[in-house]
Structures are given as C-alpha cells and as structure tokens.
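Hi,

Here is the structure I promised to pass on to you. Have a look at it first, and then read my notes below.

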Amino acid sequence: MGETCITESNNLISEKLEDYIHSRKFEDYIHTLMNDAYQDIKDRTVHIIWTRTGPNAAIVWSKNKVDTIKCNIAIADWPEPVILGLLSHELSHIALGTDLHSELQTDEDVIARGLGHYLAIERAFTKKYSDHILRDGEDRYLGFTSIKKKMKSKEVRKISRLLTEFGIVVDDSEQ
Ligand SMILES: [Zn+2]
C-alpha cells in the first residue's frame, strides 16, 4: 500500500512539473504574440492554467490586469502554429474586453491583426473547415474556408507554407 502511495505522489509531482514546463512554453508564445500583434494589451499579464477536461482553451476573466487562459492539457503538444492560432483567439477576447462581443468579432480581430494564418491552421488542424454556427446564426466561429476568404492573398500563402511545414492535411472535400 505504502508503495502505491509513493508512486501516486511521484506521478503527481511529474504531472505538476510537466504542467509547469508546458506553461513556460505557452507563456513564451503569449509574450511573442503580444509583442508582435497585441501591443494594446501588453500591460496585461496573461497566465496559463491547465485542466484535464473542458474546452481546448477558455478565458478566466479577472477585474485587475491579470488574465488567465485555461487550457486543456491535451493541446500541450500540438504543433506551434496551431497553438499560436488558439492563443491568438483568446488574446483577442482579452483585447476586445469584458464588453459583450461575439466569437465572430474575436476571429475577425485575429485576422485584422495579421494572424489569420495561425487561426486558419488551428481550424484546419481541428478539422473545422466550415463555420460553426452558434445561437441560431447570431454568432459563429469561422471555419478554415471563411478565414482564408477574409485574408489578403499574400497572407493566404503563409497558410500553405505552414500546412506543408507541419504536415497538416486539409481534407475539406466534404464541404
Ligand atoms: Zn472564443
């Protein structure tokens, strides 16, 4: 019995260490994104916490200048541009603020900041090729196809480059 306890606590320690390592990596990504495209919110501190259930990523709002993005541990090893796409969407939520704003506005904000290629890669990786309609059509997440249509052609070329580089296959034949 004693041995089981030791094993369990060792597992817990390694799990915590892994979370810490992943968090450092993710906070680096956030730092890079903030410097490149989110200068307007660079006075904010964004932390990462991990869950083992729930959505891939979600904002935990706070009143002060600290924001938390809650990520599912399942995404920790996703390819870098996919994670950058996911985090961009959450950073755009932070940039748009606590005022009521839609998922569509959030996706469009990511594209307006010149990060549409990351968002498109994230949607391709998660096989979201067409828009995901919310609240009977009042809101939507943009799919891979719509994101590309909203981007400048020069930026669209970045998508093909990333898809090839990271071996992400687009199979939108059913759309
Ligand atoms: Zn969102």
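A definition to begin with: two strands pair if DSSP finds at least two bridges between them. Helices (H or I, at least four residues) and strands (E, at least two) are DSSP runs, numbered from the N terminus. Please keep in mind that this is a predicted model, where local features need pLDDT of at least 70 and side-chain atom pairs count only at pLDDT 80 or more, while totals for chains, interfaces and linings use all residues. Residues are numbered from 1 along each chain as its sequence is written.

Now to the sheet. β1 and β3 (residues 66–72) pair in the parallel sense over 7 bridges, and W50 stands opposite C71 in β3. The open sheet has 3 strands in the order β1-β3-β2, with mixed pairing. β1 (45–51) and β2 (57–60) each have a single partner strand and stand at the edges, so one side of each is left without a neighbour in the sheet. On average, neighbouring strands here are turned by 25° against each other, direction ignored (axes are lines fitted to C-alpha atoms, for helices over the stretch in contact, and angles run from 0 to 180 degrees between N-to-C directions).

Helix α2 (residues 80–96) packs on this sheet and touches β1, β2 and β3; contact means that the C-beta atoms of two residues, placed from the backbone, lie within 7 Å. The direction of α2 makes about 25° with that of β2.

As for the whole protein chain, it has 6 helices and 5 strands, which run α-β-β-β-α-α-α-β-β-α-α from the N terminus on. Its C-alpha trace spans about 60 × 40 × 35 Å along its principal axes.

Best wishes
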